[in-house]
Amino acid sequence: MTDLAAPAGRPRGRFAGSRHGLLALGGVLVGGVVLAALFANWIAPYSPYELNVAAMLQGPSAAHWLGTDELGRDVLSRTIFAARISVEVALVAVGVGLLGGTVIGIVAAYFGGMLDMLLMRLMELLFSFPAILLAVILMASLGTSILNAMIAIGIIFIPGFSRLARAATQAVLRQQYVDAARTIGMSDARILGREILPNVVTPLLVEAAVAFAYAVLLESALSFLGLGAQPPEPSWGNMLNTGRGFMAQAPWLGIVPGMAMFLCVLGFNLLGDGLRDFFDPHLRD
Amino acid sequence: MTSSIRTFATERAAPARAAPAPTPTLAIEGLTIEHAGRRGIACLVDRLTLEVRPGEIVGLIGESGSGKTMTALSVLGLLPRGVRVADGDIRLSERSLVRMSAADLRAIRGDRVAMIPQDALRALNPVLPIGEQVGEPQVIHRGSSWQAAKAKAVELLRGVHLRAPEQRAREYPHQFSGGMQQRAMIAMGLALEPELLVADEPTTALDATVQAQVLKLLREIRDTHGAAILFITHDLGIVAELCDRVYVIYAGAIVEQGAVEAVFTRPGHPYTQALLRATPTVRTVQTELVSIRGHIPSPLELPRGCRFADRCPHRFERCASEPPLLEVAAGHAARCWLLEPGHG
């Protein structure tokens with residue numbers, strides 16, 4: 001009976017297991033990055049700023065597991081502290097994007113008409129710029145600082161979240177329980193908060209996990225270009241930029257932050273995909 | 001075949017008929033509802049007049065597209081976009097709802113008037129526990145705390161005979177059966193003891209035994225709360241079982257009105273007669289299902305004269321002009337020239 005139970009073309013069981021396996025792997029990777037960020041002070045063996053002229057550009061050793069950089073600073077410690085910057089920036093940026101996008105999307109869909117048209121054209125205007133170009137433009141006008149990087153990346157996320165929120169809201173608005181809410185005398189504000197928001201929040205949270213990965217990449221890109229975290233503050237982006245110059249003598253300078261970034265982004269993507277599958281009623285067993 | 005309906009109608013537990021009250025709970029007068037669309041102005045409801053007195057259950061019966069749901073929505077001030085009240089008045093205990101501001105209407109909805117919807121599952125928010133939803137009118141209209149509202153919800157759920165209401169209040173809509181969902185909606189509607197309940201085919205989605213329980217509950221509500229109920233349906237059996245008076249609506253206009261017994265025993269309008277013939281019953285072994293030939297006319301191109309003329313077996317010259325409501329007996333009228341004194 002078991003082989004008949006699963007309809008052809010919709011393999012379950014075996015694949016369901018691996019799907020949850022990927023979700024778990026994503027969780028572990030993300031968990032590692034977040035723990036590193038939270039407890040950097042305790043985990044890192046050295047201070048990320050401590051210069052050691054006696055030990056410049058040393059390869060991995062017992063004292064410095066991942067070697068030292070051109071100023072003798074411990075690469076492992078700097079990579080761990082850089083996780084803190086990445087997570088902070090990603091958290092604030094995704095927060096800005098999620099909040100702004102959700103409000104704009106829900107309001108546009110709920111009130112419709114001219115307001116919807118105006119808001120969505122504005123979102124398309126933002127969307128039409130390549131993300132990194134928009135980030136650079138925003139940073140140029142806001143000024144170079146890590147806070148401005150957070151805001152700039154957040155603004156880039158607003159159009160995506162707003163479209164998602166708008167589409168989800170339009171679907172909810174077609175549901176009878178919204179009409180029923182009106183029959184008991186609910187105000188627009190209450191309908192938005194009680195009937196619509198709780199019913200659109202799932203896809204937005206899934207999108208947030210994926211946006212997190214992108215935020216980490218964008219922050220690194222900005223820092224690489226010298227627009228984000230400023231030296232001596234460690235960031236995967238500016239460490240990578242430094243490593244670029246020493247690729248021949250000390251490849252670990254570039255490889256270590258690069259790997260950290262890769263694992264972090266992979267983790268958030270797996271987590272996002274896993275969550276999407278988890279919440280998708282069609283895939284749920 | 002009418003005789004079988006008659007027995008059905010007279011068999012029901014005759015409720016104590018409320019003495020004609022001076023002020024009806026709901027008074028609709030000459031209500032005209034229009035929809036302005038690309039293909040012109042459609043008249044969805046035409047000069048409809050009806051009355052629901054306190055403690056009375058009034059049936060509004062008609063087929064799909066006859067305008068019965070629009071009438072119900074207009075009472076709540078919730079007509080869809082593009083549909084408007086073009087003329088007439090709707091009064092709730094003498095307060096006109098037609099010219100009322102949006103905010104005032106909102107204050108009345110859920111408080112003085114409640115609606116019981118057709119499909120309870122789809123009318124409940126899937127992500128909130130039942131108790132919160134049933135208690136919500138308390139929070140909206142009485143400014144009570146959530147805690148008090150949830151306690152009240154448990155009480156209300158007990159009032160509609162839900163077992164283990166404390167536990168049920170914490171459950172979500174999908175955990176309820178169809179009948180329980182409809183009970184929950186009725187409990188929500190009753191939350192603030194409204195003067196008027198508008199029930200829009202509340203039993204259509206339910207199976208027969210559950211339907212009977214819900215109807216019993218509605219009758220009980222009328223008896224204990226004294227609420228007036230406007231019951232919208234296409235089911236003659238339910239009207240016979242539940243209602244005191246009935247209005248038959250056809251193509252947006254009332255074609256017959258009167259006490260249920262009177263209308264069912266001596267239907268004055270050929271449409272009502274046809275409806276009664278078309279209703280299969282257990283008592284009559286019908287070898288063939290009777291249907292009324294033709295279709296309800298489009299609200300965009302209503303015929304001049306009698307709206308039912310095209311489908312009417314008794315059509316004659318007089319039907320080219322629109323008949324007024326003519327008396328069949330005291331308190332019973334139908335919109336048909338056959339009733340004109342001196343005819344036949």
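## A glycine in a loop of chain A

A:Gly59 touches two residues, A:Gly67 and A:Trp252, once residues up to four places away in sequence are set aside. This comes from a predicted model. A:Gly59 and A:Trp252 sit 193 residues apart along the chain, yet their C-alpha atoms are separated by 7.5 Å.

Where does A:Gly59 lie? It is in the loop between α3 (40–43) and α4 (75–111) of chain A. Is A:Gly59 buried or exposed? A:Gly59 has 12 C-beta neighbours inside 10 Å, so it counts as exposed. The cut-off for that class is 12 or fewer.

## Chain A as a whole

Chain A holds 11 helices and zero strands. Read from the N terminus, its elements run α-α-α-α-α-α-α-α-α-α-α. The C-alpha atoms fill a box of roughly 75 × 60 × 30 Å along the principal axes.

Chain A has 285 residues, and 42% of them are buried. Now take the contacts in chain A between residues at least 6 apart in sequence. Of these, 70% join residues at least 24 apart. The pair A:Gly59 and A:Trp252, 193 residues apart along the chain, is a contact of this kind.

## Where chain A meets chain B

In the contact between the chains, 14 residues of chain A meet 21 residues of chain B. Which elements of chain A give two or more residues to this side? They are α8 (176–183) and α9 (188–224) of chain A. The largest share, five residues, comes from α8(A).

What kinds of residue make up the side of chain A that touches chain B? Five are nonpolar, six are polar and three are charged.

## Chain B as a whole

Chain B has 12 helices and 12 strands. Its C-alpha trace spans about 65 × 45 × 40 Å along the principal axes. For 344 residues, a compact globule would have a radius of gyration near 20 Å. Chain B has 21 Å, which agrees.

Buried residues make up 47% of the 344 residues in chain B. Among contacts in chain B with a separation of 6 or more, 66% are between residues 24 or more positions apart.

## Two domains in chain B

Chain B is divided into domain 1 (1–112 + 194–298) and domain 2 (122–193).

## A four-stranded sheet in chain B

One open sheet of chain B has four strands. Their order is β2-β1-β4-β5, and the pairing is antiparallel. β2 (40–52) and β5 (95–96) of chain B stand at the edges. Each has a single partner strand, so one side of each is left without a neighbour in the sheet.

How many bridges join strand β1 (residues 26–37) to strand β4 (residues 83–92) of chain B? There are eight, and the two strands run antiparallel. Across this pairing, B:Ile28 stands opposite B:Ile90 in β4(B).

Helix α2 (residues 68–76) of chain B lies across β1, β2 and β4 of chain B. It runs at about 110° to β1(B).

How values were computed. Residues are numbered from 1 along each chain as its sequence is written. Chains are lettered from A and ligands numbered from 1 in the order in which they are written. This is a predicted model: local features need pLDDT of at least 70, side-chain atom pairs count only at pLDDT 80 or more; totals for chains, interfaces and linings use all residues. Two residues are in contact if their C-beta atoms, placed from the backbone, lie within 7 Å. Ala, Val, Leu, Ile, Met, Phe, Trp, Tyr, Cys and Pro count as nonpolar, Asp, Glu, Lys and Arg as charged, and the others, Gly among them, as polar. A residue is buried if 20 or more other C-beta atoms lie within 10 Å of its own, exposed if 12 or fewer, and partly exposed in between; C-beta atoms are placed from the backbone. The radius of gyration is taken over C-alpha atoms; the globule rule is 2.2 Å times the number of residues to the power 0.38. Domain bounds come from an automatic or database domain assignment. Two strands pair if DSSP finds at least two bridges between them. Axes are lines fitted to C-alpha atoms, for helices over the stretch in contact, and angles run from 0 to 180 degrees between N-to-C directions.
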